[in-house]
Amino acid sequence: MRRTLAPVRPELNRRTFVGASFAVTGAVAASPLLAGCSAPEDPDSGQTARVRLQVNGQPTDVTVDTRTSLLDMLREDLNLTGTKKGCDQGACGACTVLLDGKRVVSCLTLAAMHDGAEIRTIEGLADGGRLHPLQQAFIDTDAFQCGYCTSGQIMSGVGCIAEGHVGSDAEIREWMSGNICRCGAYTNIVAAVSKAARGV
Ligand code: FES
Ligand code: FES
């Protein structure tokens, strides 16, 4: 005798499954428990803040996402790309700038925290057409190779000289130790800082 095998779940085929799914999701959406819930916020949409700064002596008014680092604001919003991004986590010193006269790694601080501050970057170091003495000393002592670390080294060197930590090569090395040079130009960098500090 011929037997017809019945499907195990004759009610479930593609058409009924899709129909059932719509019914379920429709019921969930209509649930009063979920009324008022909305889709998660776009993670790219942050709050903004208006920041007024003196950047290299120029009054500067910029609106930034509150999550923007000082480094990214300088590079992306103000187009001051002389300040370099090396590690973006405070380990290399390539992003060093002067903030109210003190050297900071600009990748580790938020732009929105510095309303009213004075920022000096490598672009603001020369006096008109005349290089800053430390910029000139870097040239004179051949203190760079690829140059990627150089603006951070120079800004840090300016801070180091202003702080008076230039009594010896060893002291300069110690107080410049947060600035990494992958090319290993340290001997000449120390010579440049020493030369500028002595004004020779
Ligand atoms: S990029 Fe800021 S310390 Fe390296
Ligand atoms: S000159 Fe190349 S990293 Fe310093």
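Which residues of strand β1 (residues 48-55) lie on its covered face, and which on its uncovered one? The covered face consists of A49, V51, L53 and V55, whereas T48, R50, R52 and Q54 make up the uncovered face. The model is predicted, with local features requiring pLDDT of at least 70 and side-chain atom pairs counted only at pLDDT 80 or more, while totals for chains, interfaces and linings use all residues. Residues are numbered from 1 along each chain as its sequence is written, chains are lettered from A and ligands numbered from 1 in the order in which they are written, and side-chain values use heavy atoms, leaving out hydrogens and water.

Helices (H or I, at least four residues) and strands (E, at least two) are DSSP runs numbered from the N terminus, and two strands pair if DSSP finds at least two bridges between them. Strand β1 runs antiparallel to strand β2 (residues 58-65), to which eight bridges join it. Within this pairing, V51 is placed opposite V62 of β2. The two strands form a hairpin with two residues between them, and N56 in the turn has a positive phi of about 55°. Strand β1 also pairs with strand β5 (residues 118-120), here in the parallel sense and over two bridges; V55 has I119 of β5 as its bridge partner.

I122 is located in the loop between β5 and α3 (133-140). Residues contacted by I122 (heavy atoms within 4.5 Å) include G82, T83, Q135, S151, I154 and M155, not counting residues up to four places away in sequence. The C-alpha atoms of I122 and S151 are 5.9 Å apart, although 29 residues separate the two along the chain.

Where α3 and α6 pack, P133, L134, A137, F138 and D140 in α3 meet I189, A192, V193, K195 and A196 in α6.

Methods:
Buried < 20%, exposed > 50% of the residue type's maximum accessible area, 1.4 Å probe, protein only.
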